[in-house]
Amino acid sequence: MKLVVISAGLGQPSSTRLLGDRLAQATGVEDVQVIELRELAVDIANNLVTGFPGARLRAALEAVEAADGLIAVTPIFTASYSGLFKSFIDVLDNTALVGKPVLIAATGGTARHSLALEHAMRPLFTYLRAVVVPTSVYAATEDWGNDTTLSERIDRAAGELTGLMRALPRRSPEPAVVPFEQQLSAFGLTV
Amino acid sequence: MQFGLFTVGDVTPDPTTGRTPTEAERIKAMVTIALKAEEVGLDVFATGEHHNPPFVPSSPTTMLGYVAAKTERLILSTATTLITTNDPVKIAEDFAMLQHLADGRVDLMLGRGNTGPVYPWFGQDIRNGIQLAFENYNLLHRLWREDVVDWEGNFRTPLQGFTSTPRPLDGVPPFVWHGSIRSPEIAEQAAYYGDGFFANNIFWPKEHFQGLINLYRERFAHYGHGTPEEAYVGLGGQVFMRKNSQDAIKEFRPYFDNAPVYGHGPSLEDFMEETPLAVGSPDQVIERTLKFREHFGDYQRQLFLMDHAGLPLKTVLEQLDILGEEVVPVLRREFAVGRPANVPDAPTHKSLLEKVPA
């Protein structure tokens, strides 16, 4: 099984990346690829302008499509996911995540932003027809200091993700050719 | 193999002077470029069709009719004719008329158009784009092949005993290319009819178009029109040349950096890496264009976009001299080397007429 972690953290080191790493570790999956959006920031902006991804970004997009499961972690900026995070999602093919198990997670300065996961992140991935695990993980600054429930939440979410990854086989990536007559008849046309 | 030009017909300010040509200047410039194409030995001139500023060519057959009268050999084509928002009856008539005036030097490339607001101006809806392309072409195909048509569909009034006039020259409909950037449905449509497929590859990486072109070739064979290698493929490309490559880059960079379609994104160098844009010496352009064959197989038509990014007419005409004198003759020679005997040329009126059973 292949797991991809998307981290939209900007600092180095980044608490967003740290949360992504801890979640990935808790899944026990061996094949893990971490995509740091910070390194792709210019490529993502260029894709928005030109309409196509450059080689580096293309590789990242393909990795996301090919993954059996995804962990998406963003800092919360101004009440929602960061602009960089959303821009990356915007350049993903709109069918790339269909049926894919996704664990959503976020970091922020205070716990007051934690519901951004539920009102912003979850609908975003639901729109893309991903299968979002029930437990989302929010880590505020205070969680890193006196870790009471963060580890528990991490383990619960990771367990839900691996359960879904085992249960949901990856869909075949190549759609079959639809013969012309069939395409016509779908529109009520005949040759 | 055919070589030619395609033009969008955009009115773009020259970023080095700040001057924007008038519509009249741009329209006349397009005609001058078309005439120059024949003068420097190119085979095809194709104009875009647009119905919104900053583009001028809303009436392609009017422009091509004028060019036809002023040229002798040049094939007049489009890139693209909007099969979605034009009435297929009018397309059938306009292009048949042009065929007669141009003694058969006419083909056309169909496209859907990607600008949502344009559709309702012609009573249509972009959400029906593929369906319009299928239904309208289905009717166009019949209007050119059947003298009397009874027809009923979803998007225009039914036809009873209708004859599109004039009939195609010598009873031979113009050859049709289907242009697409991303739709496998259109590759499938082109394959089904045995028509040409033009992949306008100028803004995207080659990997994307390899998938579309391979699909078209395989399905062309599936529908019994020949082997995959015998399918009709056209490609785009855009170049800027000077004798020394550094001069070309230096002169073109301000145009690239500010052009609506190129500018304010990746650097010129990155864009050249990812797309067919070739800015450099004629030799570099030759080398780059010859690579298309490795990526997409032997093909039939190569169109270059030369009047882009707000380049002034004088510069474009210089570019056409270089293209005609130094680049295309070499490309003709090199593309002919090792080309399998069964790979056809692009169909022309003459070649299609020869195929008509006596």
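Q: Two residues are in contact when heavy atoms of each lie within 4.5 Å. With that in mind, which residues does B:Met306 touch, not counting residues up to four places away in sequence?

A: This structure is a predicted model. In it, B:Met306 touches B:Leu5 and B:Phe6, then B:Val239 and B:Met241, and finally B:Leu311, B:Val316, B:Gln319, B:Leu320 and B:Leu323, once residues up to four places away in sequence are set aside.

Q: Which residues touch the most other members of the largest nonpolar core?

A: That core holds 116 residues, and B:Met306 is among those that touch the most other members, together with B:Leu5, B:Phe197, B:Tyr216, B:Phe252, B:Val279 and B:Leu323. Helix H11 of chain B, residues 313-336, gives the largest share of this core, nine residues. Another core lies apart from it, with 39 residues, including A:Ala8, A:Leu70, A:Phe85 and A:Leu97.

Q: What is in contact with B:Asp10, leaving aside its neighbours within four places in sequence?

A: The list consists of B:Arg26, B:Pro54, B:Phe55, B:Asp307 and B:Ala309.

Q: Where is B:His349 found, and what polar contact does its side chain make?

A: B:His349 is found in helix H12 of chain B, which covers residues 349-355. Its side chain makes a polar contact of 2.7 Å with the side chain of B:Asp170. B:His349 counts as buried because its relative accessibility is 13%. Beyond its neighbours within four places in sequence, B:His349 is in contact with B:Gln99, B:Gly104, B:Leu169, B:Asp170 and B:Val172.

Q: Where is the place of B:His100, and how far apart in space are B:His100 and B:His51?

A: B:His100 lies in helix H3 of chain B, residues 88-101. From C-alpha to C-alpha, B:His100 and B:His51 are 26 Å apart in space, while 49 residues separate them in sequence. B:His100 is partly exposed, with a relative accessible area of 32%. Its contacts, apart from neighbours within four places in sequence, are B:Pro166, B:Arg167, B:Pro168 and B:Leu169.

Q: How is a salt bridge to be read, and how many does a search of the whole structure find?

A: The pair is identified by the distance from a side-chain nitrogen of Lys or Arg to a carboxyl oxygen of Asp or Glu, which must be within 4 Å. Over all chains, the search finds 30 salt bridges. One of them joins B:Arg127 to B:Asp125, with the closest N and O atoms 2.6 Å apart. B:Arg127 counts as exposed at 72% relative accessibility, whereas B:Asp125 is partly exposed at 24%.

Q: Which residue forms a salt bridge with B:Arg253, and which parts of the chain does the pair link?

A: The partner is B:Glu269, with 2.7 Å between the closest N and O atoms. The pair links distant parts of the chain, since B:Arg253 belongs to helix H8 (residues 245-258) and B:Glu269 to helix H9 of chain B, 16 residues apart. B:Arg253 is partly exposed at 28% relative accessible area, and B:Glu269 is partly exposed at 35%.

Q: Why are B:Glu354 and B:Lys350 separated by about one helical turn?

A: They are four residues apart in helix H12 of chain B, and therefore about one helical turn separates them. B:Glu354 is exposed, with a relative accessible area of 59%, and B:Lys350 counts as exposed at 60%.

Q: How many salt bridges are counted between chain B and chain A?

A: The count is two. In one salt bridge, the side chains of B:Glu207 and A:Arg58 meet at 3.6 Å, N to O.

Note on methods. Residues are numbered from 1 along each chain as its sequence is written. Chains are lettered from A and ligands numbered from 1 in the order in which they are written. This is a predicted model: local features need pLDDT of at least 70, side-chain atom pairs count only at pLDDT 80 or more; totals for chains, interfaces and linings use all residues. Side-chain values use heavy atoms; hydrogens and water are left out. Helices (H or I, at least four residues) and strands (E, at least two) are DSSP runs, numbered from the N terminus. Buried means under 20% relative accessible area, exposed over 50%, partly exposed in between (1.4 Å probe, protein chains only). A nonpolar core is a set of buried Ala, Val, Leu, Ile, Met, Phe, Trp, Tyr and Cys residues joined through side-chain atoms within 4.5 Å. A polar contact is a pair of N or O atoms within 3.5 Å; within protein, one must be able to donate a hydrogen and the other to accept it, and residues adjacent in sequence count only if both atoms are side-chain atoms.
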